[in-house]
Amino acid sequence: MVSLKPVNCAYTFMKAKRSFEAKAGGTPVENLFIKFKECQGETFNNIVTAVGTAGVAPIFIIHNPLANEDDNTKKYTAARQPISAIITLGAQVPIMKAYNEWIERMAVKHHFDKCDLAAAPTKAYLKDGIKQDYIDYLYKKSINDPEAIAISENFKTPKEVKEYLFQRRKYQAFYDELKFLRESVRNNNPPEYLAKSFRKNGHIKVDDLISCKDIKLSTKELIEEYFKDKFNVEFGTDIKLNDKVKIDSMDSFKQKIVKNALKEAGIEFTKENKKELKQIIKDKASGRAKYNVSSHLIQEARIKLYSHKIYIKAKAEMAEYIKQLTLQDLPKEEFEKQAMKKNDEILNRLYKHAQSLVDKAPYEMPKGQNCNSWNINNISLTKQEAITLVEKLKNKVESKDKNERLIKHLRTSEGTTFKELYKSVQVKQWLKARINNSEKYLSDFKQKSGIVVGLAILPFTCGILNWAYPRIMDEWFPHLSKKPAPDAKEAK
């Protein structure tokens, strides 16, 4: 059976939605690991190390049975650890924070090939804007502004509201950049960082449309196919796993929960099997990802074409209704109420129409069809494309935001032919891949460069410690500083 999933969604919005859902309903342990994931980096490592240095090391120094020093000497030596931790944190954390924020600003401001986050600005880069947005939100909420009330109904705590405001700004940055790129391509004047990805035939190179996430998805598919062919089992049905457990790499099989699930299913996943599967992934993951993305773009362009088709009819019906409504000379408030009611009626009808397409739509497009033959007059959807259209309309029908429900959002501003729309969705996929690859590159670079910066800071923090430590001990613990043995070795 073919797996049917939506293939077109508002990328940044859905990403934010998944982020909220991932944090909701988790156990305390799961939430703790999510927090660790969010905080990972050199700064977080420094904090963990400092806590260990200040809280654990002194205990072992004072109670070390192998040490020959007297108690005061041990206490004098142990006191160095929390002082060292405080000085290290006081110096390293601000420097590392400033360094990481500088790196992020560079990634947002400049279109570096390996790290371009202009369309996905980081929270550190947007912090001043988020702060102002939150102040505006509080004011609007105090005067019962509908938008602010809707936000407060969906996001309960200040932290959640600020996270939403961040995602909203990030979402806007994505579509601002996308709009600029699409217009530049239509005018045959794309910026240099995009132009270098175009081939002579006017299409973007497939390699530049592939992200690390696409490789993971193709790897996941290859793993599932291997287990189906080799053991005649499927993950999720024959092999029971938690929904949060992802089998998308060979590292997944190192997890205890995965090992236990395979054992319970009676599957002996040997070293030979692992070696064979690893080679399959190495040989086929990239090619599978290219095929998946190419197929996805065709589907997305066809859905946009069909969406525009139903929009044209809906627009004509809405225009006629507005014309008749205008003749009634209604008050503005009543006029808007009736117009919105008609809009919702048409939208619900389109939603039901899309649902009816699912049952009668074919699983695949007829063989031998030429993509240049698809146009508004003859476009018909496959089952997967129909399901995606249903999801798209469902999101609009169920939205509490009136603006989101307007049928005008079904139109396409990127063109009305398959060729135009295909080029448009290629640009969007290129931007998504660029963001995903850049985020991974930035994360890896910050981790590695953070170690270098941390080591560079060490001579500075050690110098401060050697200067400050005896003075602090003389001032705060004079009874200890006068009694250490002359040859006592202090722990570093």
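Here is a short chat about helix packing and salt bridges in this model.

Trainee: What kind of model is this, and how are residues numbered?

Mentor: Residues are numbered from 1 along each chain as its sequence is written, and side-chain values use heavy atoms, with hydrogens and water left out. This is a predicted model, where local features need pLDDT of at least 70, side-chain atom pairs count only at pLDDT 80 or more, and totals for chains, interfaces and linings use all residues.

Trainee: How many salt bridges are there?

Mentor: A salt bridge here is a side-chain nitrogen of Lys or Arg within 4 Å of a carboxyl oxygen of Asp or Glu. By this rule the count comes to 27.

Trainee: How far apart in sequence are the parts that R434 and D116 tie together?

Mentor: The side chains of R434 and D116 form a salt bridge, 2.7 Å from N to O. R434 sits in helix α17 (residues 418-476) and D116 in the loop between α6 (80-109) and α7 (123-142), so the pair ties together parts separated in sequence by 318 residues. Helices, by the way, are DSSP runs (H or I, at least four residues), numbered from the N terminus.

Trainee: Are R434 and D116 buried or exposed?

Mentor: The scale goes by relative accessible area, with a 1.4 Å probe and protein chains only: buried is under 20%, exposed is over 50%, and partly exposed is in between. On that scale, R434 and D116 are both buried.

Trainee: Which helix holds both K220 and E224?

Mentor: Their side chains meet in a salt bridge of 2.7 Å, N to O. K220 is partly exposed at 28%, and E224 is partly exposed at 32%. The two are four residues apart, about one turn of the helix, and both lie in α11.

Trainee: Is α11 parallel, antiparallel, perpendicular or oblique to α13?

Mentor: Helix α11 (residues 212-231) and helix α13 (residues 271-327) pack at about 130°, with axes 7 Å apart. Axes are lines fitted to C-alpha atoms, for helices over the stretch in contact, and angles run from 0 to 180 degrees between N-to-C directions. Under 35 degrees counts as roughly parallel, over 145 as roughly antiparallel, 65 to 115 as roughly perpendicular and the rest as oblique. That makes α11, relative to α13, oblique.

Trainee: And how do α13 and α14 run relative to each other?

Mentor: The axes of α13 and helix α14 (residues 332-360) come within 10 Å and cross at roughly 150°. The two helices are therefore roughly antiparallel.

Trainee: Which residues of α13 make the contact with α14?

Mentor: Contact means heavy atoms within 4.5 Å. On the α14 side, the residues include F335, Q338 and K342. On the α13 side, they are Y306, I310, A314, E317, M318, Y321, I322, L325 and T326.

Trainee: What is the C-alpha separation of Y175 and A119?

Mentor: Y175 lies in helix α9 (residues 158-186) and is partly exposed at 24%. Y175 and A119 are 56 residues apart along the chain, with their C-alpha atoms separated by 7.6 Å.
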